[in-house]
Amino acid sequence: MKIICIGRNYTEHIEELENEKPSSPVIFMKPDSAVLPKQQDFYIPEFSKDVHHEVEVLVKIKKVGKHINERFAHKYYDEVSLGIDFTARDLQSQLKAKGLPWEKAKGFDGAAVIGKWHPKEEFGDLDNLDFRLLRNGDPVQHGNTSLMLWKIDELIAYVSTFFTLKKGDVIFTGTPAGVGRVQAEDRLTGYIQEKQIFDINIK
Ligand code: ZN
């Protein structure tokens, strides 16, 4: 199983990090070892003093596909979830400044939180999906997939021109504005509409 992540897919988040607006989706990967095991706490790694939460809508690929046409992309996934793309922002900034790959900052153990999967029918229009992240009960990120630069089906089509998608692969579709540092003893809860999708403790 591979994890494919989309960067810079929401304008306000691009602005908060002062990044350039991309002309095509930014793609990076996380290894399967990055998945935070279910019911496990997230431990801030020693190598970072600035780990950020990035809440993102997830889709799970259900069959093999390559060069998928956008019109048929919806046939390649049935389940949707919410997750966190944990990012060691200090390390990422150093790597970015040198033009080096980001993997160490985004692919470390536990850096991929995957919430409970739900059938996509439960949510109605996936291009108008409201989601949010609460930190210790306070809303810190609020997004809606209608604000994505590239929608879910466009992303699947684009990604599949480079990488064959396989059953069980997960796509992180990018984070809205409001990313920020996590601290030990924080509790992060994620919601799609009114459904709680994950609840994790930071150590
Ligand atoms: Zn992200």
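The side chains of Glu194 and Arg132 meet in a salt bridge, with 3.4 Å from N to O, where a salt bridge stands for a side-chain nitrogen of Lys or Arg within 4 Å of a carboxyl oxygen of Asp or Glu. This pair links distant parts of the chain, since Glu194 sits in the loop between β13 (187–192) and β14 while Arg132 belongs to strand β9, 62 residues apart. The model is a predicted one, in which local features need pLDDT of at least 70 and side-chain atom pairs count only at pLDDT 80 or more, whereas totals for chains, interfaces and linings use all residues. Residues are numbered from 1 along each chain as its sequence is written, and side-chain values use heavy atoms, with hydrogens and water left out.

Glu194 is exposed, with a relative accessible area of 68%, whereas Arg132 counts as partly exposed at 22%; buried means under 20% relative accessible area, exposed over 50%, and partly exposed in between, with a 1.4 Å probe and protein chains only. Arg132 also stands opposite His142 in β10, and 6 bridges join β9 (residues 130–135) to β10 in an antiparallel arrangement. Helices (H or I, at least four residues) and strands (E, at least two) are DSSP runs numbered from the N terminus, and two strands pair if DSSP finds at least two bridges between them.

These strands belong to an open sheet of 4 strands with the order β10-β9-β13-β14 and antiparallel pairing. Because β10 (138–144) and β14 (195–201) stand at the edges with a single partner strand each, one side of each is left without a neighbour in the sheet. Within the sheet, Asp199 in strand β14 and Arg187 in strand β13 lie 12 residues apart in the chain, and they form a salt bridge whose closest N and O atoms are 2.6 Å apart. Both residues are partly exposed, Asp199 at 35% relative accessibility and Arg187 at 44%.

The count by the same rule comes to 12 salt bridges. Among them is the one between Lys2 and Asp169, with closest N and O atoms 2.6 Å apart; Lys2 lies in the segment before β1 (3–7) and Asp169 in the loop between α4 (152–159) and β11, 167 residues apart. Asp169 is buried, with a relative accessible area of 2%. A network of salt bridges links Lys30, Glu54, Asp85, Arg89 and Lys106.

Thr175 is found in the loop between β11 (170–172) and β12 (180–181) and counts as buried at 3% relative accessibility. A polar atom of the Thr175 side chain lies 2.9 Å from the backbone oxygen of Val55.

Conventions
A polar contact is a pair of N or O atoms within 3.5 Å; within protein, one must be able to donate a hydrogen and the other to accept it, and residues adjacent in sequence count only if both atoms are side-chain atoms.
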